[in-house]
Amino acid sequence: MDLGENIKKSFVYPLCDYNKFAMIGVLSVFSVLYSVCSSFAGDNPGVIVISVLISSIFFVYLMGFSVSVIECGINLEEKIPDFKVGRDISNFFKYLALSIVYGIVPGIIIFITILGSGILKIFTDISPYIQYGNTDIPPDLLSSFMFAFLIILLVTVVVTVIQSIFTNLGVARMAANNSFSDGLDFFEVFNDIGKIGWFKTVGWFIVICVLNMVFFMISMGIMMIPYVGVIIAAFFMLTFTRLFNSYSVGLLYSDAYKINKNQENIKDNVLEDTSKAEKTDVLGEYEKIIEGKKEDTIDSMYGEKDE
């Protein structure tokens with residue numbers, strides 16, 4: 001499936017079932033209940049604590065539900081999955097675990113880059129100038145700080161992009177095979193990206209990021225509406241964005257999934273043919289042995305008579 005078709009189908013998908021879209025919209029509103037309550041309840045501590053807890057519960061559920069949407073995309077099913085609390089809560093914790101595992105190496109790389117760039121020492125040298133309001137920072141010191149900052153920024157962006165791609169496709173692989181360990185198989189995920197195509201995968205990621213920025217700006221515009229802006233943005237834009245992104249991930253992975261299934265079918269057919277050939281060989285050998293025993297028996301019988 002080419003990138004254009006992926007995006008087109010993902011745009012249409014959220015509205016394939018208005019009833020379920022509305023239900024997810026309500027859940028999305030509850031997932032941002034903290035923001036809604038902040039608009040009405042002000043700084044009431046009790047309301048804030050309760051709203052944060054409720055928001056967290058619905059956020060957890062919707063993140064798990066996204067995995068089921070990814071699975072629909074992989075199977076090219078143009079339907080929004082049913083709501084199953086146990087399945088979706090379980091999927092959330094698997095999603096969370098995969099995200100943490102795939103984030104370990106990028107985190108280490110970024111940490112090493114920060115230490116290796118020397119930006120901490122440079123910042124320590126600059127701090128006295130900032131502290132006392134002195135803007136006459138030596139040019140060499142300032143340029144060193146900017147260079148180190150740009151190196152860290154570049155490494156962070158590259159590593160984050162790679163981590164995001166591997167996390168999304170790792171979750172997709174987990175959903176496709178219904179196996180958490182398959183989602184953690186870094187080398188198989190790497191092979192899956194190769195089957196999809198690296199240029200296609202990176203291009204997809206860039207397009208998705210651009211579209212999400214557009215969705216975000218539209219949401220921010222809607223949120224400017226007094227009192228009900230947050231509710232409207234959550235109900236429509238947050239729901240649409242969640243379904244769009246998840247389904248698009250599934251469609252992207254569907255290419256690799258199809259290739260994997262074809263390879264498995266070929267392997268099964270080869271094993272089946274090999275098994276049949278081995279059985280035929282064994283039966284042939286068995287028949288030869290039986291035939292040989294018959295001949296030996298006949299020879300021995302005639303031999304006894306001759307004697």
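A residue is called buried when its relative accessible area is under 20%, exposed when that area is over 50%, and partly exposed in between, with a 1.4 Å probe and protein chains only. On that scale, buried residues make up 33% of the 307 residues in the protein chain. The model is predicted, so local features need a pLDDT of at least 70 and side-chain atom pairs count only at pLDDT 80 or more, while totals for chains, interfaces and linings use all residues. Residues are numbered from 1 along each chain as its sequence is written, and side-chain values use heavy atoms, with hydrogens and water left out.

**Overall architecture**

Helices (H or I, at least four residues) and strands (E, at least two) are taken as DSSP runs and numbered from the N terminus. The protein chain has 11 helices and 0 strands, and its pattern along the sequence is accordingly written α-α-α-α-α-α-α-α-α-α-α. With a contact defined as heavy atoms within 4.5 Å, residues 24 or more positions apart account for 77% of the contacts in the protein chain that have a separation of 6 or more.

**Helix α4 and its surroundings**

Helix α4 covers residues 45–74. The expected span of a helix is 1.5 Å times one less than its number of residues; α4, with 30 residues, reaches 44 Å from its first C-alpha to its last, close to the 44 Å expected. The helix is followed by L76, whose phi is positive, near 60 degrees. Within α4 lies S55, which is buried at a relative accessible area of 6%. Leaving aside residues up to four places away in sequence, S55 touches F30, S31, V32, L33 and Y34.

Two packed helices are described by the angle between their axes and the distance between the axes. Here the axes are lines fitted to C-alpha atoms, for helices over the stretch in contact, and angles run from 0 to 180 degrees between N-to-C directions. Angles under 35 degrees count as roughly parallel, over 145 as roughly antiparallel, 65 to 115 as roughly perpendicular and the rest as oblique. The axes of α4 and helix α5 (residues 85–117) come within 7 Å and cross at roughly 90 degrees, which makes α4 roughly perpendicular to α5. On the α4 side the contact is made by V60, Y61, M63, G64, F65, V67 and S68, and on the α5 side by V85, R87, D88, I89, N91, F92 and Y95. For the classes, Ala, Val, Leu, Ile, Met, Phe, Trp, Tyr, Cys and Pro count as nonpolar, Asp, Glu, Lys and Arg as charged, and the others, Gly among them, as polar. The contact of α4 with α5 then has 9 nonpolar, 3 polar and 2 charged residues.

**Helices α9 and α10**

The axes of α9 and α10 come within 6 Å and cross at roughly 90 degrees, and these two helices are therefore roughly perpendicular to each other. In this pairing F190, I193, G194 and I196 of α9 meet W198, K200 and T201 of α10. By class, the contact has 4 nonpolar, 2 polar and 1 charged residues.

**Salt bridges**

A salt bridge is a side-chain nitrogen of Lys or Arg within 4 Å of a carboxyl oxygen of Asp or Glu, and by this rule the count comes to 8 salt bridges. The table includes three of them.

| Pair | Closest N to O distance |
|---|---|
| K9 and E5 | 3.4 Å |
| D192 and R173 | 2.9 Å |

K9 and E5 both lie in helix α1 (residues 3–12), 4 residues apart, about one turn of the helix. An α-helix has 3.6 residues a turn, so residues three or four places apart point the same way. K9 is partly exposed at 28%, and E5 is partly exposed at 33% relative accessibility.

D192 forms its salt bridge with R173, and the pair links distant parts of the chain, with D192 in helix α9 (residues 186–196) and R173 in helix α7 (residues 139–177), 19 residues apart. Both D192 and R173 are buried. A network of salt bridges links R173, E188, D192 and K195.

D255 counts as buried at 13% relative accessibility, whereas K200 is partly exposed at 23%.
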